[in-house]
Amino acid sequence: MPIARDTDVPAFERFGNFMQGLATPSRGAREVMVWRTRVAPGGGPPVHKHDHEEVVVIVSGTGRFVEEDGTSHQFAPGDTLFAPAGVVHELKADEGVAVEWIACMPSGTKTFKPDGDELTTPWSE
């Protein structure tokens, strides 16, 4: 069974966040992608959506998960967030608190801005 060693997985910086593709096609994953994201206090990735469901497990820190209709949910370590395919959403760390989460989705999932323009995700390759 192949193992992806943490020291061998590059981190990509974007928007002040650091993403690592822990399980991706280039690492041998065939059906599921797993990403680690580390977010600076008060930060987060841009508002986005995916063409498949995204499941996010909060490892550390607190923040907000905001749905496209503006509904906001607080999250804390151990919480699991579900973003259905095509639903615009945002994850933001609370002010003064760094957050780390693990995101899982089907291999090949694409990420888009709310207007439909694709966001490249080199950590998913």
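**Close-up views of a predicted strand model**

**View 1. Strands S3 and S10 as an antiparallel pair.** S3 and S10 are joined by 8 bridges and pair in the antiparallel sense. Val39 faces Val99 of S10 across this pairing. The coordinates come from a predicted model. S3 covers residues 32-39 and S10 covers 99-106.

**View 2. S2 against S3.** Strand S2, residues 17-23, also pairs with S3. The sense is antiparallel, with 6 bridges. Phe18 stands opposite Arg38 in S3.

**View 3. S5 and its pairings with S8 and S10.** S5 pairs with S8 in the antiparallel sense over 4 bridges. Within that pairing, Val57 has Thr80 of S8 as its bridge partner. S5 and S10 also run antiparallel, joined by 5 bridges. Here Ile58 lies opposite Trp101 of S10.

**View 4. The largest nonpolar core.** This core holds 17 residues. Val56, Leu81 and Trp101 have the most contacts inside it. Strands S3 (32-39), S5 (54-60), S8 (80-83), S9 (89-93) and S10 (99-106) each supply at least two of its residues. S10 gives the most, with 4 residues.

**View 5. The surroundings of Leu81.** Which residues touch Leu81, leaving aside its neighbours within four places in sequence? The contacts are Glu54, Val55, Val56, Ile58, Phe65, Phe75 and Leu91. Val56, one of these, is also among the residues with the most contacts inside the largest core. Ile58, another, is the residue opposite Trp101 in S10.

**View 6. The open sheet S7-S6-S9.** 3 strands make up this open sheet, with antiparallel pairing in the order S7-S6-S9. S7 (72-75) and S9 are the edge strands; each has a single partner strand, so one side of each has no neighbour in the sheet. From one strand to the next, the twist averages 20°. S6, residues 63-67, pairs with S9 in the antiparallel sense over 5 bridges. Val66 stands opposite Glu90 in S9.

**View 7. His50 in strand S4.** His50 belongs to S4, residues 49-50. Is His50 buried or exposed? His50 is buried, because its relative accessible area is 3%, below the 20% cut-off. The His50 side chain makes a polar contact of 3.3 Å with the side chain of His48. Beyond its neighbours within four places in sequence, His50 contacts Ala85, Gly86, His89, Met105, Thr109, Lys110 and Thr111.

**View 8. Phe15 in the loop between S1 and S2.** Phe15 sits in the loop that links S1 to S2. Phe15 is not a glycine, yet its phi is positive, about 60°. Most residues other than glycine have a negative phi. Phe15 is exposed, because its relative accessible area is 52%, over the 50% cut-off.

**View 9. Confidence along the chain.** The chain has a mean pLDDT of 93, and 99% of its residues reach 70 or more. Which element of the chain has the lowest mean pLDDT, and which the highest? Strand S1, residues 12-14, has the lowest, at 91. S5 has the highest, at 98.

Conventions:
Residues are numbered from 1 along each chain as its sequence is written. This is a predicted model: local features need pLDDT of at least 70, side-chain atom pairs count only at pLDDT 80 or more; totals for chains, interfaces and linings use all residues. Side-chain values use heavy atoms; hydrogens and water are left out. Buried means under 20% relative accessible area, exposed over 50%, partly exposed in between (1.4 Å probe, protein chains only). A polar contact is a pair of N or O atoms within 3.5 Å; within protein, one must be able to donate a hydrogen and the other to accept it, and residues adjacent in sequence count only if both atoms are side-chain atoms. Contact means heavy atoms within 4.5 Å. A nonpolar core is a set of buried Ala, Val, Leu, Ile, Met, Phe, Trp, Tyr and Cys residues joined through side-chain atoms within 4.5 Å. Two strands pair if DSSP finds at least two bridges between them. pLDDT is the predictor's confidence in each residue, from 0 to 100. Axes are lines fitted to C-alpha atoms, for helices over the stretch in contact, and angles run from 0 to 180 degrees between N-to-C directions.
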